[in-house]
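Welcome! Keep the sequence and the structure in view as you work.

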Amino acid sequence: MAANPRLPSPPRSSDGWAQIFVLFISVILLLLVIMAGASTTSVPTMADKADVGPPRVFFAEPRQGAIVPQTFIVRMEAQGVIIEPAGEI
C-alpha cells in the first residue's frame, strides 16, 4: 500500500486581525453610505400630504393683477404633488 501524501497546510497569516479589521471598517463604511443615501431621500408620508391640503399647481409670480413689462419671469409652485423629471422620451 502506498502512503497517503500529506496535503500542505494553508499558509498562516500573521496579519489575520488586520484582515478582520479591514473587513469590519469596510462594513461600517458601507452602512454609513447606505444610511446617508436613505436620509437624503424624502418620501412624502400621508401626514405630509394631510398638512398641505388638496394638490394644486399655481403661478407664484407674477401675482394676480400685477402690471408686467413685455418680458417677465413666470414662477410656478406646486403643493401636495411631487415634481419629477419626465424621464426618457
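A residue is called buried when its relative accessible area is under 20%, exposed when it is over 50%, and partly exposed in between, using a 1.4 Å probe and protein chains only. This is a predicted model, in which local features need pLDDT of at least 70 and side-chain atom pairs count only at pLDDT 80 or more, while totals for chains, interfaces and linings use all residues. Residues are numbered from 1 along each chain as its sequence is written, and side-chain values use heavy atoms, leaving out hydrogens and water.

**Exercise 1. Describe the overall layout of the protein chain.**

Step 1: Start with the elements. Helices (H or I, at least four residues) and strands (E, at least two) are DSSP runs, numbered from the N terminus. The protein chain has two helices and two strands, and their order along the sequence is α-α-β-β.

Step 2: Turn to burial. Of the 89 residues in the protein chain, 2% are buried.

Step 3: Look at contacts, meaning heavy atoms within 4.5 Å. Taking contacts between residues at least 6 apart in sequence, 25% join residues at least 24 apart.

**Exercise 2. Find where the confidence is lowest and where it is highest.**

Step 1: Compare the elements. Helix α2 (residues 46–52) has the lowest confidence, with a mean of 56, whereas β1 has the highest, at 89.

Step 2: Keep a caution in mind. Where pLDDT is low, the predicted coordinates should not be read in detail.

**Exercise 3. Trace the salt bridges and say which residues they join.**

Step 1: Recall the idea. Side chains of opposite charge can pair when their charged atoms come close. The cut-off for a salt bridge is a side-chain nitrogen of Lys or Arg within 4 Å of a carboxyl oxygen of Asp or Glu.

Step 2: Count them: the structure holds two salt bridges.

Step 3: Take the pair E61 and R75, whose side chains meet at 3.4 Å, N to O. This pair links distant parts of the chain, with E61 in strand β1 and R75 in strand β2, 14 residues apart.

Step 4: Move on to R75 and E77, which meet in a salt bridge at 2.6 Å, N to O. Through shared partners, E61, R75 and E77 form one network.

Step 5: Are these residues buried, exposed or partly exposed? E61 counts as partly exposed because its relative accessibility is 37%. R75 is partly exposed too, at 36%, and so is E77, at 30%.

**Exercise 4. Explore the loop between β1 and β2.**

Step 1: Begin with P62, which lies in this loop. The peptide bond leading from E61 to P62 is cis, with omega near -5 degrees.

Step 2: Go to R63, also placed in the loop between β1 and β2. R63 counts as exposed because its relative accessibility is 63%. Its C-alpha atom is 9.7 Å from that of V74, 11 residues away in sequence.

Step 3: Finish with F72, in the loop between β1 (56–61) and β2 (75–79). F72 is partly exposed, since its relative accessible area is 42%. The C-alpha atoms of F72 and P62 are separated by 8.3 Å, and the two residues are 10 apart along the chain.

Terms used:
pLDDT = per-residue confidence, 0-100.
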